[in-house]
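Hi,

Here is the structure I promised to send over. Have a look at it first, and then read on for what I found in it.

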Amino acid sequence: MRIGRILAWLAVGVVGAFALATIAFRRHEAISAMWLVTAAICSYALGYRFYSKFIAAKVLALDAMRATPAERLENGRDFIRTNKWVVFGHHFAAIAGPGPLVGPVLAAQFGYLPGTLWILVGAVFAGCVQDFVILLFSVRRDGKSLGQMAREEIGKTAGTVAFISVISILIILLAVVALIIVNALKDSPWGAFTIGATIPIALLMGLYLRYLRPGRVLEASVLGFLLVVTAIFGGQWISQSTHAGAFTLAGTTLAILIIVYGFAASALPMWLLLAPRDYLSTFVKLGTIAILALGILLVRPTLQMPALTRFIDGSGPVFAGNLFPFAFITIACGAISGFHSLISSGTTPKMIAREPQTRMVGYGAMMAESFVGIMAIIAACTLQPGTYLAVNSGAGMVGGNPAAAVATISNWGFPITADQMAMMAHNVGEKTLFFRTGGAPAFALGMAKIFSDSLGGTAVMAIWYHFAIMFEALFILTVLDAGTRVGRFMLQDALGHIWKPLGRTSWYPSILVTSALMVGAWGYFLWQGIRDPLGGINSLWPLFGICNQLLAAVALCVATTIIVKMGRARYIWVTLGPLCWLVAITFSASWHKVFDPNPLIGLLAHARQLAAGPAVAGIQRRIFNDQLDAAVCALLVVLVSVIVIESAMQWISVVSGRKQPSTQEAPFVTTQYAQETM
Amino acid sequence: MKRSDDLVIARDRVIGKTRVFFRTLRAALLEIFDESAYTRFLERTSAERTRQSYLDFRREYESSAARRPRCC
């Protein structure tokens, strides 16, 4: 039996290695997406079976006899002992967002190889580890948040820095996701109608849940989903009718509408709009991810993108910057996401029934998220590279108009014609697909191609495309409204220290002021993205990636400090390794974004270039925007440096014996469920 | 005879596992969509499933749920 198992795992290793070798070394011929799927499944299987087990046993010493807070503090509200698969589903639904879909699509400009390798290696050795250890440490501290753990284990400054990092990442995140939506919906009456319809549908769901069938959320979500599908067909009818003009909106109009929506969602009662939209989004999200996986397995598409493109030198039109560090910054959530540490130290630790289950929930759910990133790479790379570049490049990067874009992209060795683009746009029911930066339209195109190949053919490609756009937009608007509300609460908590009434979360003037502040902050960055001739994504997505990875660095600082204080400094490399890597990529990316002499990369160089050019209207504002982005980037690096230095001082004083190691763990209590099978 | 018994046992095992799978999937969906949280609220407060009790549940639940970030 034992030999059988060893042989089975050896076989998994050999198959995985062969798949990875095929991805890495087979050049000049298209490969099947199944090689990526095989490499991913084998890597996750090996990582989970061996690496996470090693961390669980040696580093964290998970103890099945130790009662979790869900058992000790069970109250039927926040602290509830829950089946491990149920917690897994709940945790995955909370961590899965638009990041792993968009980041890998953008990074595909380097080819499929760098993104795939980083998603796999990053997830197994960094992202899954971060989610797992933070979840366990929060469980051992009665479900405390990342900020609280930073304050107690590292120091007060670390807690403050964690707060500032979270609020900054929220603002940049909300701006960038709003920009993605605007770019996907501008001049698209079909998309604008469908997404617009989701707002009254969510309101109807809210009323249904409140007045008709109280608490029947699944039922309401199914009804909401059917209405949304009807809205997709309605959008098709609108786009071909005389009403199309009313829904053909410019980027600036859409931006204003989204800003107004964000404010309303933050200030309106939660049951009316935010909660039903969240349910609808989760329903569509889980279903679509499942059918995308099924579609890839059925179609087994061939990757049209080469393994590596010429853009690894930093000259890419989707976003400027070299492979190192920008591929890692861009992929972000598919490999490691700082945001996950907020979820791992939020609701999930209060639901864990037995300590060893943190491995499956923390490490396992991140593996599933990483697989979503692999699917996104596959979707993007099934497109012809010329199509991918024409869709994803900003007008300012490839010549300003479709004819120039086609010529520029074809000259790069990725042939594409205006007729092909027109045919593709016609097939998906759009007027044009040029300059739709942000990743969402390219992902939707790839997904529509996979879906239509498995069901319905070209005839229904337009429906699949708009289904994919609806899915992403729904996803993103949920992040937008929930994020605005969370940011509002954080601001109220902080402002409450200055003037007490502002801290009262139910006081309406405070709600309005803090909602306006939050919406104003991300709205400002959104506006600058809309007005940016380079597409906005070029400057905002790397900024978001840097913020996200810096937050992950904060989480890994907390984790490393706790490991050292637990007396397990010999295993410090488990979290210190990913931390060093994150510091290297975020700090170097930040340096490039601020100081690089190439104006396409460096914000200050771009500001200088604008200042030296002709004095056209709005130039001063664009210069200020570049300087503001550079200042935000630099500020975050300084703040995270403070945490890293403060943490390192803790490690040194504990390891050198100058300080007695002591952690803030809750006291050990023996579980009453020792006999229960896990 | 023995072979058909084995087949019956194997079939029952598959049916049992399928049932457990769907039961767990349903439980996960009910948890994700907060239906379980509402059921627990009804048990805790000994209330009936009514508009008023759902309103009370939402009021209590939203004080914590509204602070939950949605991941990127």
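Predicted model: local features only at pLDDT ≥ 70, side-chain atom pairs only at ≥ 80, totals over all residues.

Now to helix 12 of chain A. Its buried residues are A:Leu254, A:Ala255, A:Ile258, A:Ile259, A:Gly262, A:Phe263, A:Ala265 and A:Ser266. The spacing in that list is worth a thought: an α-helix has 3.6 residues a turn, so residues three or four places apart point the same way. What do the buried residues of helix 12 of chain A pack against? They sit against helix 8 (156-185), helix 13 (274-299), helix 22 (461-495) and helix 23 (508-531) of chain A. The length of helix 12 checks out too: its 17 residues (251-267) should span 24 Å at 1.5 Å a residue, and because the end C-alpha atoms are 24 Å apart, the two agree.

Stepping back to chain A as a whole, you'll find 27 helices and zero strands. The C-alpha trace spans about 70 × 65 × 60 Å along its principal axes. For 678 residues, a compact globule would have a radius of gyration near 26 Å, and chain A comes in at 24 Å, which agrees. Buried residues account for 58% of chain A. If you take the contacts in chain A between residues at least 6 apart in sequence, 81% of them join residues at least 24 apart.

The inside of the model is where I'd look next. The largest nonpolar core has 245 residues, and the members that touch the most others are A:Ala175, A:Ala178, A:Ile181, A:Ala380, A:Phe443 and A:Val554.

A:Thr116 lies in helix 6 (residues 112-139) of chain A and counts as buried, because 29 other C-beta atoms are within 10 Å. Beyond its neighbours within four places in sequence, A:Thr116 is in contact with A:Ile23, A:Leu36, A:Ile374 and A:Ile377. A:Thr116 and A:Leu20 are 96 residues apart in sequence, yet their C-alpha atoms are 9.5 Å apart in space.

- The peptide bond from A:Phe324 to A:Pro325 is cis, with omega near 5 degrees. A:Pro325 is in helix 14 (residues 323-331) of chain A.
- A:Ala332 has a positive phi of about 45 degrees although it is not a glycine. A:Ala332 is in the loop between helix 14 and helix 15 of chain A. Buried or exposed, then, for A:Ala332? Buried, because A:Ala332 has 31 C-beta neighbours inside 10 Å.
- A:His28 also has a positive phi, near 60 degrees, and is in the loop between helix 1 (2-25) and helix 2 (34-59) of chain A. A:His28 counts as exposed, because it has 6 C-beta neighbours inside 10 Å.

Now for the partner. Chain B has three helices and zero strands, and 22% of its 72 residues count as buried. Where the chains meet, 44 residues of chain A are in contact with 27 residues of chain B. On the chain A side, the elements that give two or more residues are helix 4 (84-95), helix 9 (189-212), helix 10 (217-239), helix 13, helix 15 (338-344) and helix 22. By class, that side has 24 nonpolar, 17 polar and three charged residues.

Finally, on confidence: the model scores ipTM 0.85 and pTM 0.92. Chain B has a mean pLDDT of 86, with 89% of its residues at 70 or more. Among the elements of chain B, helix 2 (residues 35-45) has the highest mean pLDDT (93) and helix 3 (residues 51-65) the lowest (84).

Cheers

Definitions and conventions. Residues numbered from 1 in each chain as written. Chains lettered and ligands numbered in written order. Helix = DSSP H or I, 4+ residues; strand = E, 2+ residues; numbered from the N terminus. Expected span 1.5 Å × (residues − 1). Buried ≥ 20, exposed ≤ 12 C-beta atoms within 10 Å, placed from the backbone. Contact = placed C-beta atoms within 7 Å. Rg over C-alpha atoms; globule rule 2.2 N^0.38 Å. Nonpolar A, V, L, I, M, F, W, Y, C, P; charged D, E, K, R; others polar. pLDDT = per-residue confidence, 0-100. Core = buried A, V, L, I, M, F, W, Y, C linked by C-beta atoms within 7 Å.
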